[in-house]
Structure formats: structure tokens, C-alpha cells
Amino acid sequence: MTEPRTPGPAAAEEPAEGDRLRDMLRTPGYLKLLVLCALIGIPVSLAAFWFLVGLHELEHLMWTDLPEAFGWSAPPWWWPLPLLLVAGVLVGLVVTHLPGAGGHIPASGLHAGGASSAALPGVVLAAVLSLPLGATLGPEAPLIALGGGLALLFRDLAQAPATPQSTAILGAAGAAAAISAIFGNPLIGAVLLMEVAGVGGPQLFAIMLPALLSSGVGELVFTGFGRWTGLATGSLKLDLAAPFPRLDAADVLWSLLLAAVLGVFMHMVLAGGRFASVYVARRPVAHTAVCAVAAGAFGALYALVTGNSPVDVASSGQAVMGTMAADPQAWGIGALIAVLLCKGAAYALCLGSLRGGPIFPALFLGAAAGVLFAPLPGLGVVPGMAAGMAAAATCALRLPVSSVVLVVLLLGSGAMIPVIILASVVAFVVTELLPPGPEVPPVGRAVAVPAAGVK
């Protein structure tokens, strides 16, 4: 018989998890990196502020000032068609001719890595050509790329050492600083970047601390600079007129059903976005224009059917969701069904063709579904919207923790946390159990996609 093996000196001296974390925090290089992240957070936040102001002003010009200049009090039903035709053609040209292909395809979800300074012009231009002209997408993905790319650009200008670890940390910190204000709370940006990065242990803290620090600095810059200039960036905040009720069994049961239904619905929408990305990859310019015009057609159809503004469909849904939360009774059942179907279809087409982020339209679809389900016996508007937004955001992002934190902070109260968590878990399980559909093709100038059908 052999005697039991005793641990060698290396195993005995291996530091514990907490010791490794403390050693890392005592490292001069990491402390310098924290200071660099705090300093970088200031110019990145300023750049993100003006980027959002520009998008906000351009959207107002396209959807308010121009129609009024032609004598219309609101955009006519056909207004999205020419705007999105222009957007589709120009975004297709950006994708095929500029480095970075205008950023990642929204149908592939959010990405924290891969930011580069060379891709920044294409990312900014594609977002400017997509979002103000009526893309059913949000600004968060371009902000992540903008923040990460600028952080690496400033790192290079400062001639700081470029290592894989510093690249990952600075990219995440810059992205967190850029997106902190658009969600109305720096904690959302830090948690979102933490979960997108998908790391754990000491690596989690290595990413999280700079992201949280830079995100907090970014929020201070956004708040102070916004008050000083008086300009609006359109941060995502809800003002619910209804009081927060006490949850009961009916709220929980209906929320579970709503989450399951939304899981199936959002899965179909997101799968449609992946199919659209495969279609666009074959002929980027022509097929991007086709998808963009088709998205505009759904906005026009919605306006014709309901008599409402096509901007309800041809936008991120950020401003419309605020009005819906303030006065949900103003939306009839027919209008809610129409906006869910038309905006869902436009969202799928834009996910695979234009450039932007997936979060805002998903939150709007969840909120609309919650208002639609609210008249069910024992549910109510606030639990319905909370469960709907949590379910839809989880389906779109595949990030349940970030989705829960986002909706809780968005509501400004922890009263709905039980239904938010349950809805997020149910929607996540339903979506994961369904067939995923085709893979999103890689971005770039040369994309090889077979002409045969997609499995």
C-alpha cells in the first residue's frame, strides 16, 4: 500500500481567495489603474453626454421640427418610410466601408469587449444614422463601444502600458462611465458591465471596482454638466402615477403567466432579428435598406390602424414608455395589441440590420404587455409593468441579474421585487428552452454566408 500523499510546499503556500484579492489591491499597478479609470471617466462621460444630446436633438429635428415646418402638427403615417430608407442605405455603406462595421449587430446582444479606437468613427456614424431616423433600437450599445474605445484611446495617448488585463479593465470602465446616466443610475451600468463581462472571483472585483468608480464619476459629470447647460440627454426614468400596491397571490400568478407569454413572444422577435442578420449579411447595403424600409412600413401600418403617431413604433420607446407609465389608461386594448405586434416586428428587423442597442425597445414591449394584462382580475398596472419589463429585458439580454436590478431601480421602489425576480427567472427559462434559431454572422467587410437556407 502507498502512503497518503501530503500536500507539497506549493500547495500549502497557495494563497486563499481573499489573500489574492488583498494582494491585488495592494499592487501599485492596479492602484494606478484605478486612478486612471477615475480620470478617464471624466472625458468619456463628457463625450457620452454630447453624443446623447446630439441624438436627442436630431431625433427632435426629424420627428417634430421637420413635420411642423411642412405644416403638420405630428408626423404623418408615411413619415418613417423615407427616413428609414435613407438610414438603411447609409448604414449599409458604413458597415461595408468603415473599420469595425459600425459596431456589433444588435441581434447578438450586448458586448463589453472588442472596443477599439479605430472603430469609433463607424460606431458613432452608424448610430447617428440609425437612431434619430427611426430605428427601433436604443443608444446603449453604441455608448458601450464609445466609452470603451475612448478609454483605450486615452490610455494610448497617455502612453500607459497596454496589457490584456488593462485593456479589459479600461474598456469596461469606459463603457460603464458612458452608459451610467442613460439608465438614470450608475449602479445599473456597473452591474450590467459586470454581468456582460462574465467573470468571477478576483477577476470580478478587478473589473467591477474600476467600472463602479468610473460609473460614479460619470454620473457626477452627467448630472453637473446637464444642470449647467440645461440640455437633455433623455435618461431612462419612469414616473408611475399609480401608488405601489401590496402584492398578493393573484399578482404573482398573473405575473408568472405574463412572463411565460412574453418569453415566447420575445423569443420569436429575437429569432426574427437573427434571421434578419443572416439576410443582411448576404448583400449588406441592399438588404439593410430593405429591412429598414420594412421596419418603417410597420410604423406606418400602426399609425394608419390606430391613428397614433408612428413614432410609437419607429423609436427606442424611451419617451413613449414614460408617457405610458404616467397615464396607462390612455392606451386602449387595440392600441396596445397593435403597438406590440408592429413594434415587435420593427424591432426584429432593426436588430438584424441597423445599429443600436436591444434594451430600450425590450423594456417598452414588456411595459406595454404589462399594461395589456393589467385588467386581469387581481393584477393591476404596476405589478404588470414590473413583471413585463423584467421578463422582456431578461429575454433580450440573457442577463437576469442586470435585468432585475435595472427594473427595480427604474421603478424607484423595492415593492415589486418578488414579481420582478419571478418574472425574470420564468422568462429566462422559457427562452433558454426554446430553439435558438440561426447564429448572428460576424461583423466585417467580408462576411461569408451560404446561399442555402438557414437551419
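Predicted model: local features only at pLDDT ≥ 70, side-chain atom pairs only at ≥ 80, totals over all residues.
Me: How many helices and strands does the protein have, and what counts as one?

Reply: The protein has 17 helices and 0 strands. Of the 455 residues, 50% are buried.

Me: How do you know that H267 is buried, and what does H267 touch?

Reply: H267 comes out at 8% relative accessibility, and that is under 20%, so it's buried. Its place is helix α10, residues 249-282. Leaving aside neighbours within four places in sequence, H267 is in contact (heavy atoms within 4.5 Å) with L262, R274, R398, T431, L434, P435 and P436.

Me: What makes the H267 and P435 pair a polar contact?

Reply: A polar atom of the H267 side chain lies 2.6 Å from the backbone oxygen of P435. The rule asks for N or O atoms within 3.5 Å; within protein, one must be able to donate a hydrogen and the other to accept it, and residues adjacent in sequence count only if both atoms are side-chain atoms. At 2.6 Å, the distance is within that cut-off.

Me: R398 is on that contact list too. Why is R398 called partly exposed?

Reply: R398 has a relative accessible area of 27%, which falls between 20% and 50%, so it's partly exposed. R398 sits in the loop between α15 (381-397) and α16 (400-411). Its phi is near 60 degrees, a positive value in a residue other than glycine.

Me: A101 has a positive phi as well. Is A101 buried or exposed?

Reply: Buried: its relative accessibility is 1%. The phi of A101 is near 55 degrees, and its loop runs between α4 (80-97) and α5 (120-130).

Me: What makes the W72 and W78 pair edge-to-face?

Reply: Rings of Phe, Tyr and Trp (its six-membered ring) pair if their centres lie within 6.5 Å; planes under 30 degrees apart are stacked, over 60 edge-to-face, and the rest tilted. By this rule there are 5 aromatic pairs. For W72 and W78 the centres are 5.6 Å apart and the planes at 85 degrees, so edge-to-face it is. The rings of W72 and W79 also pass, with centres 6.0 Å apart and planes at 70 degrees, so that pair is edge-to-face too. F70, W72, W78 and W79 form one aromatic cluster.

Me: How covered are these tryptophans?

Reply: W72, at 32%, is partly exposed, and so is W78, at 30%. W79, at 7%, is buried.

Me: What makes K343 count as sitting over the ring of F364?

Reply: The charged end of K343 is 5.0 Å from the ring centre. The rule wants NZ of Lys or CZ of Arg within 6 Å of that centre and within 35 degrees of the ring normal. K343 is listed as sitting over the ring.

Me: How do you know that C291 is in no disulfide?

Reply: A disulfide needs two cysteine sulfur atoms within 2.5 Å, and the count here is 0. The nearest cysteine sulfur to C291, that of C350, is 8.6 Å away. C291 is buried, at 4%.

Me: Last one: where is A151, and what does A151 touch?

Reply: A151 is in helix α6 (residues 140-157) and buried, at 0%. Not counting residues up to four places away in sequence, A151 touches I40, V44, L170 and G174.

How values were computed: Residues numbered from 1 in each chain as written. Heavy atoms only, no water. Helix = DSSP H or I, 4+ residues; strand = E, 2+ residues; numbered from the N terminus. Buried < 20%, exposed > 50% of the residue type's maximum accessible area, 1.4 Å probe, protein only.
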